[in-house]
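Open the model in your viewer and keep the selection panel handy. We will hop from one selection to the next.

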Amino acid sequence: MLGALTDNWELWRDAVLGTLTLFFASGALALVLGFVVGAMRVSPVPIARAVGTAYVNTIRNTPLTLVFFVFVFAVPVILGARIDLMLLGILALGIYTATYVAETLRSGINTVPVGQAEAARAVGLTFSQVMTSVVLPQAARAVVPPMMSVLIALLKNTTVAATFASAVINLGSIRSTLSERGENSLDVLLWVALFFIVLVLLLSWLQQVLERRWKVAR
Amino acid sequence: MSQTSVLYDVPGPKARARNATLGVVTIVVVAAIFAWVVVRLFQTGQFEASKWEAFGYQGIWEQIIGGLLNTLSAFVVAAIGALVLAFVLAIARMSNHRAIRVPAAIVTELLRAVPVLVFMLLLYYALPDLGVRLTPFQAVTIALIAYNGSVLAEVIRAGVESLPNGQGEAGYAIGLRKSGVMRLILLPQAIRAMLPVIIAQLVVALKDTALGVVVTYEELLFIARRLGSAATLDRPIIPSTIVIGAIYIALCILLSWLAIVVERRLSRGPKSGGSTRSKKANAVGETSTTKLIAIQGGHQQGSGAPPV
């Protein structure tokens with residue numbers, strides 16, 4: 001049981017690094033892109049709202065596996081260049097997760113009662129003052145717990161990167177590599193599952209701590 | 001629509017002009033991206049007849065329909081199984097007996113934490129080491145039932161816990177047993193309140209059938225890949241991506257649309273319980289998807305009652 005881990009130490013290290021790279025890089029991309037799309041969805045420009053809605057509804061109704069399929073097989077053809085598979089994986093995960101980030105931001109903003117902003121405007125605050133000292137602080141607190149859930153889902157979704165691009169070494173693809181080396185699939189996969197259980201429980205715990213600290217009393 | 005947005009005031013003439021400019025800029029940028037993709041597809045010859053010839057053959061469509069049926073059958077079995085498992089886990093986790101409650105909680109948390117893909121690989125590649133050989137269909141459906149069942153169990157539990165204590169207490173007061181209170185009073189209200197979230201989770205199950213590709217289950221994406229790499233058909237990988245992708249998106253949008261219809265009906269319906277409505281008022285504009293994300297990640301909203 002332990003042999004599967006200790007005999008292939010470097011491979012496990014690379015796989016964990018690969019998973020964490022996918023997680024952090026696509027997480028950063030998803031947060032940035034999700035912020036832009038979320039802003040579009042709550043903007044006063046009807047066309048921007050429509051574009052944001054179309055993006056969210058299309059991508060959210062597409063299986064992540066299909067998004068990877070498009071990025072691995074179709075995007076290199078369209079760009080006419082060979083692209084690093086890790087980069088394609090990050091783009092696919094980031095673009096997929098961005099829709100969830102956008103929805104979370106939007107619903108976070110929707111939890112702030114309209115009266116808050118109206119009161120702020122009534123006492124004469126400017127737009128930027130209304131945003132920075134009244135609306136966004138309240139929205140940010142409401143957003144943090146569900147945003148952690150999005151990140152937990154993203155962590156689990158990094159394994160999907162292994163479906164079409166097993167060259168991307170991560171915890172989803174390590175089984176095929178190790179079974180070529182004659183390791184027992186059961187041992188390998190149980191270690192992978194254990195890794196995810198530990199990380200997910202850690203993130204959930206962090207989420208609860210943050211939630212308790214930042215709860216908005218309404 | 002957004003006349004009373006919390007973010008901005010009702011626009012005046014200046015803001016309206018600025019919004020119009022931004023609208024034009026958005027159109028130009030989006031149109032430019034689309035145009036560039038289409039031009040590149042043309043340049044790389046994706047719209048040539050030879051690439052699309054495959055979709056003129058009856059045999060190819062029979063394969064695609066076969067893939068579609070495989071996707072749908074895995075989805076139907078997984079959806080029914082997940083709902084059954086969800087009720088079992090939810091009721092067990094709300095039990096008064098520690099010996100039932102604790103194992104149910106552990107199982108639910110474990111099944112939720114393991115990625116579906118890893119679970120599928122475990123079922124398909126690792127179980128033969130223990131002497132159990134599953135077909136790809138069984139591996140796909142069991143993995144989907146386990147994951148979605150545990151998520152749905154939490155959805156149902158959150159629904160029950162969002163009900164006011166008076167509901168259950170009134171049930172006991174008129175002499176119902178525990179099972180009667182759960183079956184006749186708590187569960188019907190919880191399911192009603194959570195129906196949109198439940199359907200949204202079924203959309204997730206439908207999307208995740210595409211993971212079956214890793215255990216060689218011959219669903220739509222598997223067919224798309226095989227078609228796309230067929231040399232005799234001029235390797236139509238992009239045409240088959242477009243066709244299969246359209247089928248997937250259509251299926252999921254259809255199911256999501258059902259969730260929206262149900263959500264509208266419930267919020268309008270006269271009989272939707274007063275308590276759940278007041279809870280809903282707290283979460284104005286919160287879509288079923290966001291609630292779902294929250295529950296999938298391990299965090300529950302609206303669970304006002306203290307854990308039993």
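Start by selecting Val118(B), Phe119(B), Met120(B) and Ala143(B): these have the most contacts inside the largest nonpolar core, which has 144 residues. Such a core is a set of buried Ala, Val, Leu, Ile, Met, Phe, Trp, Tyr and Cys residues joined through C-beta atoms within 7 Å. Buried means that 20 or more other C-beta atoms lie within 10 Å of a residue's own; exposed means 12 or fewer, partly exposed is in between, and C-beta atoms are placed from the backbone.

A word on what you are viewing: this is a predicted model, where local features need pLDDT of at least 70 and side-chain atom pairs count only at pLDDT 80 or more, while totals for chains, interfaces and linings use all residues. Residues are numbered from 1 along each chain as its sequence is written, and chains are lettered from A and ligands numbered from 1 in the order in which they are written.

Now stay on Val118(B) and ask which residues of chain A it touches. Leaving aside residues up to four places away in sequence, they are Thr159(A), Gly172(A), Leu189(A), Val192(A), Ala193(A) and Phe196(A). A contact here means C-beta atoms, placed from the backbone, within 7 Å.

Next, colour the whole contact between the chains: 58 residues come from chain A and 57 residues from chain B. On the chain A side, the elements giving two or more residues include helix H3 (46-60), helix H5 (85-110) and helix H9 (185-214). H9(A) supplies the largest share, 12 residues. By type, this side of chain A has 36 nonpolar, 17 polar and five charged residues. Nonpolar covers Ala, Val, Leu, Ile, Met, Phe, Trp, Tyr, Cys and Pro, charged covers Asp, Glu, Lys and Arg, and the others, Gly among them, are polar.

Zoom out to chain A, which has nine helices and zero strands. Both are DSSP runs numbered from the N terminus, helices being H or I with at least four residues and strands E with at least two. Buried residues make up 47% of its 218 residues.

Finally, select helix H4 (residues 98-113) of chain B. Show Ala104(B), Thr108(B), Leu111(B), Arg112(B) and Ala113(B), the buried residues of H4(B). They pack against H9 of chain A, together with helix H3 (58-93) and helix H6 (136-161) of chain B.

Notes: Two residues are in contact if their C-beta atoms, placed from the backbone, lie within 7 Å.
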